[in-house]
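Got your viewer open and ready? Let's take a short walk through this model, one selection at a time.

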Amino acid sequence: MSTMKAVTVYGPRDARMEDVAKPAAVGDMVVIKVLRTGVCATDQSIYTGESSFIRSGEIVYPCRFGHEYAGVVESVGPAVTKFKAGDRVYSDNFVSCGECEACMRGDYISCSKLQSVGTVNCWDGCYAEYMQIPERHVFLLPDELSMDEGALIEPASISYDAFKGVELSKEDTAVVFGTGAIGMVAVWLAKYYGAGKVILVGRSHSKIEIGKKVGADVVINGRECDVIEAIKAETDGKGADLIIETSGSAEALRQSLLAVKRFGRISIVSFYEKNLDDLPIDPIVLGCVTVRGAAGNAGNAPAVCEIMRKNPIKLTPIVTHHVPFADCLDVFENEEKYRSTKIKIMIKFD
Ligand SMILES: [Zn+2]
Ligand SMILES: [Zn+2]
């Protein structure tokens, strides 16, 4: 039996790199040699045990985590028709059974036995040298995109959902709260979709500066000024047309409700680890504000890949660190070392 290295989380703050069975190219499976794995805040919360999915029992230990990756096809099962060894690829972050009624209709996200890569109802994740994924969930990475960009497609596909049903024009102002990867992608997409002014609100000077490289026209440091007043000043007192809240902070959500314009919209793309008190609800009612949650969806990944190909603004400035796979436990065990400067950490396998 051939083996590979993979990381499994056995319990809070107990992650181990081990030799495990290397996945086999059977049936319609594509075996991918992983070249980049992106480190997600969800991975960190699975490692610490603070994830609400751990508390709810939806993610269980031991967990082979990791869900953001890109790589090269190593081998394919006999039923695979669209891929061959050497193809550069990425995949969906979920895996369907391929046999139930929904799967038969091609509606894989409604699969009755749906698994998520590296998280809920866990399909073995990508802190591993190889991944095994059914062909229907694998996509070619265009030649002009790098492996870093390939591994950014998954987190980008989460932010992408925040723009569903939104039309942005030169007259519109979009405000993004949060300087993590999801917030940075929201800035990048707001600019791509044509918002006249994109404002990024954060609290770290170095991260805000990176926001300017991916499309922010104006940056607001929440440590230095009154955020609501600053947004009003940038919008002739009207407030923002679209606010995308990615920070998971109660304060940012409160500010969003008070800085959105009448008939404006707020997209929430974040998890709040606890329920929030003291949220002002009346501004939603009086302002006829639309509040919508967004958490990713089937079909997003190829759409985001296409935007990456077309957008003259590169998303790669948000990759702040490259860490060799051999050292990847350090990212979790010594998270404070990276905290103040990290946006997206990429684990490198080559
Ligand atoms: Zn993620
Ligand atoms: Zn199914």
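Start by selecting the zinc ion (ligand 2): in this predicted model, C97, C100, C103 and C111 coordinate the zinc ion through their SG atoms, at 2.3 to 2.4 Å. For comparison, ideal angles for four tetrahedral donors are 109.5 degrees. Along the chain, the donors follow the spacing C-x2-C-x2-C-x7-C.

C100 sits in the loop between β6 (94-95) and α3 (101-104), while C111 is in the loop between α3 and β7 (115-117), so the pair ties together parts 11 residues apart in sequence. Are they buried or exposed? C100 has 13% relative accessibility, so it counts as buried, because the cut-off is under 20%. C111, at 6%, counts as buried too.

Time to move on to the sheet. Select β13, β12, β11, β14, β15 and β16, and you'll have six strands in that order, forming an open sheet with parallel pairing. Look for the edges at β13 (218-221) and β16 (290-293), each of which pairs on one side only. From one strand to the next, the twist averages 15 degrees.

Zoom in on β14 (residues 240-245) and β15 (residues 260-268): five bridges join these parallel strands.

Last stop, two helices. Show α5 (residues 181-192), which lies across β11 (173-177), β12 (197-202) and β14, at about 170 degrees to β12. Then show α6 (residues 205-213): α6 lies across β12 and β13, running at about 165 degrees to β13.

How values were computed. Residues are numbered from 1 along each chain as its sequence is written. Chains are lettered from A and ligands numbered from 1 in the order in which they are written. This is a predicted model: local features need pLDDT of at least 70, side-chain atom pairs count only at pLDDT 80 or more; totals for chains, interfaces and linings use all residues. Side-chain values use heavy atoms; hydrogens and water are left out. Two strands pair if DSSP finds at least two bridges between them. Helices (H or I, at least four residues) and strands (E, at least two) are DSSP runs, numbered from the N terminus. Axes are lines fitted to C-alpha atoms, for helices over the stretch in contact, and angles run from 0 to 180 degrees between N-to-C directions. Contact means heavy atoms within 4.5 Å. Donors are N, O and S atoms within 2.8 Å of the metal (3.2 Å for Na, K and Ca); water is not among the atoms, so sites may look incomplete. Buried means under 20% relative accessible area, exposed over 50%, partly exposed in between (1.4 Å probe, protein chains only).
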